[in-house]
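Welcome to this briefing! Have the structure open beside you and look for each residue as it comes up.

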Amino acid sequence: MTDAAARPVLEARGIVKVFGQHRALDNVDFAANAGEVHALLGENGAGKSTLIKILTGAYHPDAGELLLDGQPIHLRDPLHGQGYGIGTVYQEVNLLPNRSVSENLFLGRQPTRFGLVDRRRIDAQARDLLSRYGLDIDVRAELSEYSVAVQQIVAIARAVELSGKVLVLDEPTASLDRNEVQRLFEVVRGLKAKGLAIIFITHFLDQVFDLADRVTILRNGRKVATQRLDTLNTTDVVRMMLGKDVAFEHHPTALTGSTRGQVRVAFKGLNRKGLAPFDLAVHEGEVVGVAGLLGSGRTEVARLMFGVDGAEGGEILVDGRPVTIRNPAQAVAAGFGFCPEDRKLDGIFGDLSVRENIIIALQAKLGWFRALNREDQVELAGRYAEALDIRAANHDMPVKLLSGGNQQKVILARWLAIDPTFLILDEPTRGIDVGAHAEIVRTINRLREEGLALFVISSELDEVVAYSNRIVVMRDREMVAELAGPDIASDAIVQAIAGTPQEVRP
Amino acid sequence: MTRSLRPLLATTLIFLFAYLLAVTQHPAMFSTRVLGNFLTDNAFLGIAAVGMTFVILSGGIDLSVGAVIGFTTVLIAVLIMWLSLHPLVAFAIALTVAACFGAVMGAAIHYLKVPSFIVTLAGMFLARGGASVLSPDSIGIQHAFYSGVSKSYILMPGGGRLTVVGIIMLAVFAVAILLAHRTRFGSNVYALGGSETSAALMGVPVARTTIAIYALSSFLAGLAGVVFSLYTSAGYSLNALGVELDAIAAVVIGGTLLTGGYGFVAGTFIGVMLQGLVQTYIVFDGTLSSWWTKIVVGVLLFMFIVLQRLVFRAGPRRT
């Protein structure tokens, strides 16, 4: 099939979506053709999910229009979209775990006889329908008794039955194993052959190359490109996802002054189910950067280090002494700090004041019976707010009213207050306006110069390059490469992430 | 066998075992006379518990049930004795008022996004208070219709009497079983209990269903009030104090998951019967304080909550 013959079924033109101050989507065009699988790629915060929500009717665009078969449409909600033929299957299956498979397929349109639901007919039709998807299961059993893969196929069957023009698959493979993925892909290929337009969202690049015909890549709310996949290789795709361009450089000037000190924290063979064992030592006054795509295991490593998820093996040494970290409280006691990826959900206490947010970790470390008095609290909050240049009208205002950058600095201040030995930062610049990025980067550099050991995860390659002494590259839940000194260059990182080993220096 | 059947099976077995135990000690309990009284005495609780079953299946709770029963008995007494209406007209008015009351609570729960616990708690105070305002004292009902109803029954083999109120309860259960398991409305109730988000995405009319569920619960509480009125021939604002809690207990003992989504109306019937059995046993025994009923119900409730945890914690997976 050539592009010229392709007919766009669902088209989005010039879509803009603004949340508060933040432009989540900026003039994005997108078109899904009949009989193609169109992959949508981008890191967290790139605007993927916002675009999908607009395409399915969950959000309303602030500007731009949607066209279905060339006709403009205005979707009120996903149900309305479904009526137009746009069906969606989400990662977390949005079906009813407590009801039978057949009821999940027919809810809302059960055939009735004399006002009563005709169960026998539903079951027969459900069996019939699923057999077309190569599924031979007891349709009267509860949905929750089946694996996620089967549930996904049931969800697809329902979506196709109800919609039948466009099928949106939002990370359907995230919790499937290899065989299940293949089974799902066979189903999707069958639907593609029937002429459905399929929009496929995932962060597994190999799956994109396996299944999709075209790819649209988003970055920071803008469309980078829409291209046929047979003209691309993995390196191209990773480059488009992570870098504005490949011209950014490592700034060795920022690092020449830093002399690496003693080993502060050492992880030896730390592992957990779904994460390969890793060894890592972080020195005093050193930043170890982590690069890798979403789902490569970056966040899992951070959670393991901080004891959010318990390790299944390996040991942790702080200043040469072994410590046990089975929960975050022990991590704090060992002098660790952790700024998580989702600041709003896991980081700040939105309704508490700036001051309370700053002292909370220190207070937790001190325990219930050594409460900080108010003067101490005010003094501490003032000191760190000044040190980190936190801009708030006063320190008694709720932290949720601050900008993203200042919230991030409040969390940093919280950990600095406990006088940490080791700080873990997961995506410190996510969701912060671009202008404030530089400031966070500066702060990280300053903390390093003050002798702190830091472990920083980021999908912004130019930033990682700007502050890291060493960079660890993760792929498929494994640390696959470590780059240091002059090796730190965007190209080497992109290639290590894409997994083209012939080009990566060991 | 589906997991949700297991608590129901357990309840049934416990009921049969308890009944057997009671009969071996008091053989007189094995008779249709006892059965007849059993159904009559628990009719109002059973009817209220049916409404509660729908509410709990959908993931909510209705604390106003006992107060609505009390209010209905007072309203009926006022309409018959003070306004001289025919009892059937009074029943129709009372049931309409109750259903509207429930619909308003359902609308508040859905549109104001307030937890059902709070809304129905407010409803409980309103209904109880309203009943006291209508009449703080008990009003006796003297009417030919009432005496006629109390005299009519179907004689069962063995001399047991199946009274009108007993028949009403059985009919309510029969209709409710069809409603829950064989209609779209029933499916929607279970869908809400499973996941409200998914249900909305799958096209379940969430607003309409929520309002209908609470209207149904209050309507059945009203019907329980009618039955209570026929049973006691009086209206009193403090009637049926705490019946909502007995109803919740019957629903949970009947195998319905308190968090919604799983359960059977038939289970509630056995739940009610089990509570009735304990009461009857205590009457037959004669030496036990009636408070033992509460203790047994408490123990049963606790057992069932533990049982449900065990059944639902680790579900078996098929491939």
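In this predicted model, the largest nonpolar core has 246 residues. Ile47(B), Ala48(B) and Val227(B) are the residues with the most contacts inside this core. Helix α11 of chain B, residues 206–232, gives the core its largest share, 15 residues. Chain A takes part too: the core draws at least three residues from each of its domain 1 and domain 2. As a general background, nonpolar side chains in soluble globular proteins tend to be buried together.

- Start with α11(B), which has 27 residues and reaches 39 Å from its first C-alpha to its last. That is close to the 39 Å expected at 1.5 Å a residue.
- Is this helix largely enclosed or largely open? Of the 27 residues in α11(B), 22 are buried, so the helix is largely enclosed by the rest of the structure.
- Leaving aside residues up to four places away in sequence, Val227(B) touches Ala43(B), Phe44(B), Ile47(B), Val165(B) and Ile168(B).
- Just after α11(B) comes Ser233(B), which takes a positive phi of about 55°.

**Chain B as a whole**

- You can find 14 helices and four strands in chain B.
- The C-alpha trace of chain B spans about 65 × 50 × 30 Å along its principal axes.
- A compact globule of 319 residues would have a radius of gyration near 20 Å, and chain B agrees because its own value is 20 Å.
- Buried residues make up 50% of the 319 residues in chain B.
- Take the contacts in chain B between residues at least 6 apart in sequence: 79% of them join residues at least 24 apart.

- Chain A is divided into domain 1 (8–98 + 142–242) and domain 2 (252–282 + 293–480).
- The C-alpha centres of these two domains of chain A lie 34 Å apart.
- Look next for Val410(A) in helix α15 of chain A, residues 404–416. It counts as buried because it has 27 C-beta neighbours inside 10 Å, where 20 or more are needed.
- Val410(A) and Val354(A) are 56 residues apart along the chain, with 7.0 Å separating their C-alpha atoms.
- Val354(A) is also one of the residues that Val410(A) touches, when residues up to four places away in sequence are not counted.

**Two aspartates with positive phi in chain A**

- Most residues other than glycine have a negative phi, which makes the next two worth a look.
- Asp389(A) has a positive phi, near 60°, and is found in the loop between α14 (374–387) and α15 of chain A. With 12 other C-beta atoms within 10 Å, Asp389(A) is exposed.
- Asp476(A) has a positive phi as well, near 50°. Its place is in the loop between β21 (470–475) and β22 (478–484) of chain A.
- Asp476(A) counts as partly exposed because it has 14 C-beta neighbours inside 10 Å.

**How confident is the predictor?**

- The mean pLDDT of chain B is 90, and 97% of its residues reach 70 or more.
- Where in chain B is confidence lowest, and where is it highest? It is lowest in helix α14 (residues 291–313), at a mean of 81, and highest in helix α5 (residues 87–111), at 97.
- For the complex, the predictor gives an ipTM of 0.85 and a pTM of 0.77.
- Where pLDDT is low, the predicted coordinates should not be read in detail.

Notes:
Residues numbered from 1 in each chain as written. Chains lettered and ligands numbered in written order. Predicted model: local features only at pLDDT ≥ 70, side-chain atom pairs only at ≥ 80, totals over all residues. Core = buried A, V, L, I, M, F, W, Y, C linked by C-beta atoms within 7 Å. Domains from an automatic or database assignment. Contact = placed C-beta atoms within 7 Å. Rg over C-alpha atoms; globule rule 2.2 N^0.38 Å. Expected span 1.5 Å × (residues − 1). pLDDT = per-residue confidence, 0-100.
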